[in-house]
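Let's walk through this model together, one region at a time. Keep the viewer open and follow along as we go.

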Amino acid sequence: MKELVAEEGNEPLTIPVVAARAGVHATTVYRRWGAVGDLLADVVTSRFSGDIVVPDTGSLRGDLERYACDLAKDLCDPDTLALVRATVGIGGEQGAAACRSERERQLEAILERDQGRGHRPPTLERTTDAVLAPLYYRAVFTDFPLTLDWARGLVTHLLPAA
C-alpha cells in the first residue's frame with residue numbers, strides 16, 4: 001500500500017486498484033476496510049507506531065529538539081510525505097486523526113517525563129501547536145524545507161531561554 005501511494009501515476013487510489021496490487025479480489029479489501037480512507041488510516045497508524053523513538057536526553061528542551069528533528073527527517077522522506085498527504089486528502093478527519101494520534105502520544109510521553117522530573121512543562125495542546133503543527137503544515141502544504149535548524153527553532157519559540 002505504501003508503495004502504491006508513493007507512486008505518482010494518473011490512476012486514482014481506489015479499493016479495486018489496491019486489491020489488484022495486492023493480488024486479491026476487491027471484495028476482500030472492502031470487507032476489511034470499506035473505504036480507501038479507512039485503509040489509509042490503518043496504514044498510517046501502523047507506519048507511525050514506534051517509528052520515532054521518544055528521546056530521553058535528560059531535559060525537556062533536548063527531548064523536544066531531538067523529537068522535532070527526527071520528525072522533520074521522517075517527513076522529508078518522499079514515501080512518508082506521500083502517505084501523509086494521501087491519508088489527509090482521502091481520509092478527511094479520520095485520516096488527520098490517524099496522522100496525529102501517535103505523534104501526540106509521543107509528545108505526551110515527553111511532557112509527562114519532564115513533569116516527573118519536577119518541572120512544569122507546557123500543555124500538550126501548546127506543544128502540539130508550537131512543534132507538531134508547523135512541522136506537518138510545512139511538510140504537507142508548502143515547499144519550504146524542513147531543516148534541522150528550523151525544527152530546533154520551533155522548540156526555542158516554545159521554550160524561550162530563561
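A residue counts as buried when its relative accessible area is under 20%, and as exposed when that value is over 50%. Asp 63 has a relative accessible area of 0%, so Asp 63 is buried.

The protein chain has an average pLDDT of 84, and 86% of the residues score at least 70. Confidence is lowest in helix α1, residues 2–6, where the mean is 55. At the other end of the scale is helix α8, residues 148–158, which has the highest confidence at 97. Where pLDDT is low, the predicted coordinates should not be read in detail.

Now let's start with helix α2, which spans residues 15–22. Within this helix, Ile 15, Val 17, Val 18 and Ala 19 are buried. Just after α2 comes Gly 23, with a positive phi of about 80°. Next, look at how α2 meets helix α3, residues 26–33: the two axes come within 8 Å and cross at roughly 115°. This crossing of α2 and α3 is right-handed. On the α2 side the contact is made by Ile 15, Pro 16 and Ala 19, while α3 brings in Ala 26, Val 29 and Tyr 30. By residue type, the contact of α2 with α3 divides into 6 nonpolar, no polar and no charged residues.

Let's move on to helix α5, residues 60–76, where Asp 63 is found. What surrounds Asp 63, leaving aside its neighbours within four places in sequence? Asp 63 is in contact with Pro 55, Asp 56, Thr 57 and Gly 58, and also with Ile 110, Arg 113 and Arg 117. With Arg 117 there is a polar contact between the side chains, at 3.4 Å.

Helix α5 also packs against α8, with the axes 8 Å apart and an angle of about 145°. Here, too, the crossing is right-handed. From α5, the contact draws on Arg 61, Leu 64, Glu 65, Ala 68, Cys 69, Ala 72 and Lys 73. Facing them from α8 are Leu 148, Ala 151, Arg 152, Val 155, Thr 156 and Leu 158. The residues of this contact between α5 and α8 divide into 8 nonpolar, 1 polar and 4 charged.

Notes: Residues numbered from 1 in each chain as written. Heavy atoms only, no water. pLDDT = per-residue confidence, 0-100. Helix = DSSP H or I, 4+ residues; strand = E, 2+ residues; numbered from the N terminus. Buried < 20%, exposed > 50% of the residue type's maximum accessible area, 1.4 Å probe, protein only. Polar contact = N/O pair within 3.5 Å; in protein donor to acceptor, adjacent residues only side chain to side chain. Contact = heavy atoms within 4.5 Å. Axes fitted to C-alpha atoms, helices over the stretch in contact; angles between N-to-C directions. Left-handed = near helix turned anticlockwise from the far one by under 90°. Nonpolar A, V, L, I, M, F, W, Y, C, P; charged D, E, K, R; others polar.
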